[in-house]
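Hi,

Here's the structure I said I'd pass on.

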Amino acid sequence: MIHIVLLCFLLFTVFAIVRMHDLFAVVMLLSIYGFLCASFFMVMDAVDVAFTEAAVGIGISTLLLLSALTLTGRYEKTKRHKPLLALVTVAVTAGLLIYGTLEMPPFGSAYAPAHQHIAPHYIHQSFGETGIINIVTSVLASYRGYDTLGELIVIFTAGIGVLVLLSSLAPEAGSKEGKEQHGKGKLPAPMKQHAILRIVSKMLIPLILLFALYVQFHADFGPGGGFQAGVIFASVIILYLMIFGLKAARKVISLAWLEFLAALGVLIFGSVGLLSLLSGENFLDYDMLSSDPVQAQHLGIFLVEIGVGLTVAAIIILIFMTFTGRMADRGEQQ
């Protein structure tokens with residue numbers, strides 16, 4: 001029954017998002033959509049996925065979209081034409097996708113191929129092969145490590161793409177606007193004057209950092225891992241930036257260091273795979289890291305999770321700092 005209720009809420013939220021022209025309201029509805037998705041995953045016992053959706057879909061995505069609204073404006077522009085071609089394309093694509101699923105086994109069927117071969121192996125053999133209690137972590141970082149590396153590269157590439165796009169719109173260093181930005185340091189710190197927020201944030205930041213470390217290094221035993229820990233760590237820097245301003249945040253960690261850490265995370269993950277190849281093993285086969293196969297799996301998963309956490313945290317902070325810098329440029333120009 002709870003599945004049907006959540007599905008109805010999801011459909012209602014999607015319909016409201018499509019009909020809404022106030023982009024601020026759309027961002028809030030997307031946050032609600034993320035909360036409903038996280039709840040849906042929880043009901044389906046996919047705690048790791050729910051954790052990721054809560055951190056990314058509700059928290060960071062909402063902040064980044066609100067930052068983007070400061071550059072694009074709050075309301076959707078009036079359409080000059082009816083997007084009938086796009087609507088037909090989406091309808092045809094959806095129809096083909098649904099048609100493609102007709103030959104697939106029923107949802108949740110115990111006779112589906114994945115439940116006959118792959119899932120039983122993960123459930124019954126993963127602990128003996130990897131020594132990791134949390135099956136999700138062993139699948140994501142070991143059995144399916146190649147896919148996870150691809151996802152990490154997608155995040156890195158997307159982040160660099162956003163930075164390049166925003167940097168191309170920024171005022172030149174020698175221009176009047178650039179000199180004002182870097183010379184006067186008029187960078188926003190909209191909440192710095194609130195003493196309660198400053199005190200509470202200083203109390204919360206160490207606790208959030210501690211929780212991020214717990215999520216990073218406790219993934220072997222429970223929900224967590226590099227993706228979730230990276231998002232939580234990034235939220236600490238973003239909270240600090242929102243309270244004390246961009247100038248103070250840059251003193252804590254500079255853009256150059258963030259760019260270095262973002263690339264370092266991908267390099268660590270990829271280097272583990274290359275070491276495997278150079279040792280005559282398969283790509284991302286961790287057996288060469290130790291003479292004990294189980295210990296080798298532990299070490300390999302530890303290293304790649306470190307790489308994931310570094311890149312995710314650095315990219316999110318970089319994007320938010322760059323958006324905030326553009327807000328400063330726009331405020332000064334006005």
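This is a predicted model: local features need pLDDT of at least 70, side-chain atom pairs count only at pLDDT 80 or more; totals for chains, interfaces and linings use all residues.

Residues are numbered from 1 along each chain as its sequence is written, and side-chain values use heavy atoms, with hydrogens and water left out.

The largest pocket comes in at about 700 Å³. (A pocket here is an open set of points on a 1 Å grid over the protein atoms alone, where a 1.4 Å probe fits, with protein on both sides within 12 Å along at least five of seven lines; lining residues have an atom within 4 Å of a point. The volume is the space filled by probe spheres set on the points, which are joined across faces, edges and corners.) Its lining has 32 residues, with Asp48, Val49, Val136, Thr137 and Leu140 nearest the centre. Helix α6 gives the most, 6 residues (helices are DSSP runs of H or I, at least four residues, numbered from the N terminus). By type, the lining splits into 18 nonpolar, 8 polar and 6 charged (Ala, Val, Leu, Ile, Met, Phe, Trp, Tyr, Cys and Pro are nonpolar; Asp, Glu, Lys and Arg charged; the others, Gly among them, polar).

Now the helices: α1 (residues 2–19) packs on α2 (residues 23–43) at about 160°, with axes 10 Å apart (axes are lines fitted to C-alpha atoms over the stretch in contact, and angles run from 0 to 180 degrees between N-to-C directions). That makes α1 roughly antiparallel to α2 (over 145 degrees).

Cheers

Conventions
Helices (H or I, at least four residues) and strands (E, at least two) are DSSP runs, numbered from the N terminus. Angles under 35 degrees count as roughly parallel, over 145 as roughly antiparallel, 65 to 115 as roughly perpendicular and the rest as oblique.
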